[in-house]
Amino acid sequence: MEGDCLSCMKYLMFLFNFFIFLGGACLLGVGIWVIVDPTGFREIVAANPLLFTGAYIMLAMGAMLFLLGFLGCCGAIRENKCLLLFFFMFILLIFLAELSAAILAFIFRENLTREFFTKELKKHYVRNNDTDVFSATWNSVMITFACCGVNGPEDFEAVPHLPHSSLEKATPEACCQRELQSREGMFVNKEACLTGIERFQNRQGCYTVILNSFETYVYLAGALAIGVLAIELFAMIFAMCLFRGIQ
């Protein structure tokens with residue numbers, strides 16, 4: 001009976017580590033996609049140091065999970081106590097790091113409100129100045145998602161006009177409608193847009209557009225994170241049980 005339990009534990013350990021292996025592969029894939037994606041995210045990530053760091057952290061975590069899943073599978077099948085102990089210690093560190101990150105994200109969630117982004121936009125945005133990292137990032141977001149400001153074009157009323165601008169309403173070029181939503185896309189009517197004619201502007205705020213675009217993915221990411229934590233917890237339990245059962 002004891003041998004049957006040990007054999008069952010070994011294959012359950014292999015199964016859980018196989019899921020960790022797949023999770024690491026998925027994180028690696030997402031991280032690589034965010035960095036090399038040609039549709040606008042690469043430019044946004046490169047312009048924002050926080051996103052740039054986050055993308056590489058995702059790559060590192062994916063690689064680590066990928067490796068640990070592989071080691072856990074090998075340790076379970078070969079019944080190697082050293083590999084199992086190595087696996088347990090590192091998966092414990094990753095589990096604690098992920099749990100800490102989730103707690104910090106919950107604590108600082110107020111920094112992702114509409115009011116926070118509106119305040120930062122009005123404070124730091126320098127209209128069409130693409131040499132400024134903050135402005136270039138916002139311009140890329142507005143062009144990619146065909147939106148304007150956080151709430152709409154009215155967010156830019158408090159932003160100072162360019163010294164050489166003779167337009168009554170200096171709406172940023174990034175808010176103007178394009179035939180193709182990319183920097184290379186031709187404007188529908190740039191002059192009319194910049195003078196405030198609404199039908200040539202993207203009137204919807206980026207906060208709502210992005211929230212609607214990623215709402216499904218946010219819930220999916222949350223469910224995936226909970227699933228990964230649960231799998232890691234069970235994997236650690238099985239690793240210790242298998243470690244103690246190996247003679």
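Phe86 and Phe90 sit together in helix H4, 4 residues apart, which is about one turn of the helix. An α-helix has 3.6 residues a turn, so residues three or four places apart point the same way. Everything described here comes from a predicted model.

**Aromatic pairs**

How many aromatic pairs does a search of the whole structure find? There are 6. In the pair of Phe86 and Phe90, the ring centres are 4.6 Å apart and the planes make an angle of 40 degrees, so this pair is tilted. A second tilted pair joins Phe117 and Tyr207, with 6.3 Å from centre to centre and 55 degrees between the planes. Phe117 belongs to helix H5 (residues 114–124) and Tyr207 to helix H8, so this pair ties together parts that are 90 residues apart in sequence. Phe117 counts as partly exposed at 27% relative accessibility, and Tyr207 does too, at 22%. Elsewhere, ring pairs link Phe18, Phe21 and Phe66 into a cluster.

**Cores and annotated spans**

Now for the nonpolar cores. The largest one has 21 residues, and Met13, Ile20, Leu68, Phe87, Ile91 and Leu242 have the most contacts inside it. Which helices each supply at least two residues of this core? They are H1 (2–36), H3 (49–78), H4 (81–107) and H8 (206–245). Another core, of 15 residues, lies apart from it; among its members are Trp138, Met142, Cys175 and Val209.

Leu242 is worth a look in the viewer. Leaving aside neighbours within four places in sequence, Leu242 is in contact with Leu6, Met9, Lys10, Met13, Ala76 and Leu84.

The unreviewed UniProt entry lists residues 12–36, 56–77, 84–108 and 217–243 under "transmembrane region". In the model, residues 56–77 are 100% helix and 0% strand, and the end C-alpha atoms of this span lie 32 Å apart.

**Helix H6**

Helix H6 covers residues 133–145, 13 residues in total. From its first C-alpha to its last, H6 reaches 18 Å, close to the 18 Å expected at 1.5 Å a residue. Is H6 mostly covered or mostly open? The helix is mostly covered, with 10 of its 13 residues buried. Just after H6, Ala146 takes a positive phi of about 55 degrees.

**Salt bridges**

The count of salt bridges comes to 2. One joins Lys190 and Glu173, with 3.0 Å between the closest N and O atoms. Lys190 lies in helix H7 (residues 190–194) and Glu173 in the loop between H6 and H7, so the pair ties together parts that are 17 residues apart in sequence. In the other, the side chains of Arg203 and Glu198 meet at 3.5 Å, N to O. The table gives the accessibility of each partner.

| Residue | Relative accessible area | Class |
|---|---|---|
| Lys190 | 26% | partly exposed |
| Glu173 | 25% | partly exposed |
| Arg203 | 36% | partly exposed |
| Glu198 | 48% | partly exposed |

Why does Glu198 count as partly exposed? Its relative accessible area is 48%, and exposed means over 50%, so Glu198 belongs to the class in between.

How values were computed. Residues numbered from 1 in each chain as written. Predicted model: local features only at pLDDT ≥ 70, side-chain atom pairs only at ≥ 80, totals over all residues. Heavy atoms only, no water. UniProt positions renumbered as here; feature names shortened; annotations may be inferred. Core = buried A, V, L, I, M, F, W, Y, C linked by side-chain atoms within 4.5 Å. Buried < 20%, exposed > 50% of the residue type's maximum accessible area, 1.4 Å probe, protein only. Contact = heavy atoms within 4.5 Å. Phe/Tyr/Trp six-rings, centres within 6.5 Å; stacked < 30°, edge-to-face > 60°. Expected span 1.5 Å × (residues − 1). Salt bridge = Lys/Arg side-chain N within 4 Å of Asp/Glu carboxyl O.
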